[in-house]
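Here is a short tour of a protein model for you to follow on screen. Keep the sequence and the 3D view side by side as you read.

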Amino acid sequence: MSDMWDLSWTSADGTEINVENPGEYTIVSAERSLPGQFEQTQNTTESGSWLEPPQVKQDGDRSVVTIVATHGRFEVEIEGLSIEVQGDDSMPPPPMMPLMMPLTSMPLSQIEDEPVSDQDSKRHTPTANQPTTCLKCGHLGQPDDRFCAQCGAVL
Ligand SMILES: [Zn+2]
């Protein structure tokens, strides 16, 4: 259906430009015939089908075609036989997110250090003044007892 939107014009420098949309592609060709020679360049862009007729802006030797198609919005710049397509055929690049920066600059070492020092203090809990339990009868003696008061076993 977009055949009716096909464009062709001649730029100020005598370049004949054709823009067409056969199916899923936008084909832009620029050709110039000089006495004794013929030059042509072509650019095929996977634009999808055009959603609206392309708009052409001419600025001296330069022509800019704006195409709105199913794959996004494309700008085709034609100057002489040079064809350049700029388009956002997919997602636009993610914008810079300055708000995310403070998270990554948080000192991670502080978070990791805390549990370690906590474990350390538990490991070094003094045991010297704990009551002595007899291994033979289970009697709980004084810390400095050498023999069990209950059964006389060596502690
Ligand atoms: Zn004992």
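The report below goes from the overall layout to the sheets and then to the core.

## Before you start

This is a predicted model, in which local features need pLDDT of at least 70, side-chain atom pairs count only at pLDDT 80 or more, and totals for chains, interfaces and linings use all residues. Residues are numbered from 1 along each chain as its sequence is written.

## Overall layout

The protein chain holds two helices and 10 strands. Here helices (H or I, at least four residues) and strands (E, at least two) are DSSP runs, numbered from the N terminus. Reading from that end, the order is β-β-β-β-β-β-β-β-α-α-β-β.

Of the 155 residues in the protein chain, 14% are buried. A residue is buried if 20 or more other C-beta atoms lie within 10 Å of its own, exposed if 12 or fewer, and partly exposed in between, with C-beta atoms placed from the backbone. Among contacts with a separation of 6 or more, 29% join residues 24 or more positions apart; a contact means that two C-beta atoms, placed from the backbone, lie within 7 Å.

Four bridges join strand 1 to strand 2, and L7 has V19 as its bridge partner in strand 2. Five bridges link strand 2 with strand 3, where V28 is the bridge partner of V19. The hairpin of these two strands has five residues between them, and G23 takes a positive phi near 80°. Nine bridges then pair strand 3 with strand 4, and E31 has Q40 as its partner there. Their hairpin has two residues between the strands, with G36 in the turn at a positive phi of about 90°.

## A closer look at E16

Leaving aside neighbours within four places in sequence, E16 is in contact with S8, T10 and E31. E16 and E31 are 15 residues apart along the chain, yet their C-alpha atoms are separated by 5.2 Å.

Another open sheet of four strands has the order 5-6-7-8, with antiparallel pairing. Strand 5 (55–59) and strand 8 (82–87) are at the edges, each with a single partner strand, so one side of each is left without a neighbour in the sheet. The twist averages 15° from one strand to the next. Six bridges join strand 7 to strand 8, and E75 has Q86 as its bridge partner in strand 8.

## The nonpolar core

The largest nonpolar core has 12 residues, including I17, V19, V28, W50, F74 and V76. Such a core is a set of buried Ala, Val, Leu, Ile, Met, Phe, Trp, Tyr and Cys residues joined through C-beta atoms within 7 Å. Two or more core residues come from each of strand 2 (16–20), strand 3 (26–34), strand 6 (62–69) and strand 7 (72–79).

Beyond its neighbours within four places in sequence, V76 is in contact with V28, V65, I67, I83 and V85.

Definitions and conventions: Pairing = 2+ DSSP bridges. Axes fitted to C-alpha atoms, helices over the stretch in contact; angles between N-to-C directions.
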